[in-house]
Amino acid sequence: MRYVTCLVASTIAALLLAATPAYAHEVRNVGAYQFTVGWGSEPAFVGQENSVQLILSQRATGKPVVTLTDGLKVTVVFGTQTMRFALEPTFDPDTGLGTPGDYRAWLFPTAPGNYTFRFTGSIGSQSFTSSPTTFATVQDPVAAEFPVQTPTLTELSQRVGVSLPRLASSSQASRAQLFGIIGVVVGALGLAVAIVALVVRRA
């Protein structure tokens, strides 16, 4: 009997775990609302399209909030850099497609590390920062790339920054060599003309 009970409990636990979302989001009660915030796609990787995700519901009833029309905004912060985005609902009341209460701001994170999302609007002002206990930190995708590892946008930018001065120096050297060759050719032609004139004069 004990074995059957343990088996049933294990099965229920496995089903509950399977039903739990695989992503990490921070849940916070703010006044009459509940904020659930994170990246729309997790794990989040550098250079891949992603989105700020805000799932908004009524704190008292748990019902999704679908009536926000006040221009809800989010400012994405990385270090000292900021960029502001409009949050758009994924739910379309005309077709019934999408998820009620799910709002997104689409972007491409271009550097690994922790990002902060600052929400503003009639629902209030709240800030959420990625961390091991909140939502995903943006990662370099190299560890997950297979079979070929490609350089990130940051790495490509660094390589271009190093290569451009070298190319400029090489271009200047090549130009100097070209002018030198032209000078030699012109000099040789002048010498040839002088020799021909001398020969003609003696004849």
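Tutor: Of the 203 residues of the protein, 25% count as buried, where buried means under 20% relative accessible area, exposed over 50% and partly exposed in between, with a 1.4 Å probe and protein chains only. The model is predicted, so local features need pLDDT of at least 70 and side-chain atom pairs count only at pLDDT 80 or more, while totals for chains, interfaces and linings use all residues. Residues are numbered from 1 along each chain as its sequence is written, and side-chain values use heavy atoms, with hydrogens and water left out.

Student: How many helices and strands are there in the protein?

Tutor: The protein has two helices and nine strands. Both kinds of element are DSSP runs numbered from the N terminus: helices are H or I with at least four residues, strands are E with at least two. From the N terminus on, the order is α-β-β-β-β-β-β-β-β-β-α.

Student: Which strands form the open sheet, and in what order?

Tutor: Five strands form an open sheet in the order β1-β2-β3-β7-β6, with antiparallel pairing. Two strands pair if DSSP finds at least two bridges between them. The edge strands are β1 (26-30) and β6 (88-89), each of which pairs on one side only.

Student: And how many bridges join β3 to β7?

Tutor: Six bridges join β3 to β7 (residues 102-107), and the two strands run antiparallel. Val52 stands opposite Ala105 in β7.

Student: Moving on to β8 and β9: how many bridges join them?

Tutor: Four bridges join β8 to β9, again with the strands antiparallel. The bridge partner of Phe117 in β9 is Phe128. In a regular strand the side chains alternate between the two faces of the sheet. β9 has a covered face, Gln126 and Phe128, and an uncovered one, Ser127 and Thr129.

Student: What phi does Gly121 take in that hairpin?

Tutor: Gly121 takes a positive phi near 155° in the hairpin, which has five residues between its strands. Gly121 sits in the loop between β8 (116-120) and β9 (126-129). Lys73 is 48 residues from Gly121 in sequence, and the two are 6.5 Å apart in space, C-alpha to C-alpha.

Student: Is Gly121 buried, partly exposed or exposed, and why?

Tutor: Gly121 is partly exposed, because its relative accessible area is 37%.

Student: Other backbone features, then. Where are the cis peptide bonds?

Tutor: Pro43 is found in the loop between β2 (33-39) and β3 (50-58). Another joins Phe146 and Pro147, where omega is about 0°. Pro147 belongs to the loop between β9 and α2 (153-202). For context, most peptide bonds are trans.

Student: Now the aromatics. How many pairs does a search of the whole structure find?

Tutor: The search finds seven aromatic pairs. Rings of Phe, Tyr and Trp (its six-membered ring) pair if their centres lie within 6.5 Å; planes under 30 degrees apart count as stacked, over 60 as edge-to-face and the rest as tilted. The rings of Phe35 and Phe119 have centres 6.3 Å apart and planes at 65°, so this pair is edge-to-face. Phe35 lies in strand β2 and Phe119 in strand β8, so the pair ties together parts that are 84 residues apart in sequence.

Student: What other ring pairs with Phe119?

Tutor: Phe128 does: the centres are 5.8 Å apart and the planes at 80°, so that pair is edge-to-face. Phe119 and Phe128 are both buried. Phe35 counts as buried too, because its relative accessibility is 0%.

Student: What lies over the face of Phe128?

Tutor: Arg28 lies over that face, at 3.9 Å from the ring centre. The criterion is NZ of Lys or CZ of Arg within 6 Å of the ring centre and within 35 degrees of the ring normal.

Student: Which residues form the aromatic cluster?

Tutor: Trp39, Phe78, Tyr115, Phe117 and Phe135 form one aromatic cluster.

Student: Lastly, how much space lies in the largest pocket?

Tutor: About 260 Å³ lies in the largest pocket. Of the 13 residues that line the pocket, the closest to its centre are Phe78, Gln81, Met83, Thr110 and Tyr115. On a 1 Å grid over the protein atoms alone, a pocket is an open set of points where a 1.4 Å probe fits, with protein on both sides within 12 Å along at least five of seven lines; lining residues have an atom within 4 Å of a point. The volume is the space filled by probe spheres set on the points, which are joined across faces, edges and corners.

Student: Which strand supplies the largest share of the lining?

Tutor: β5 supplies the largest share, four residues.
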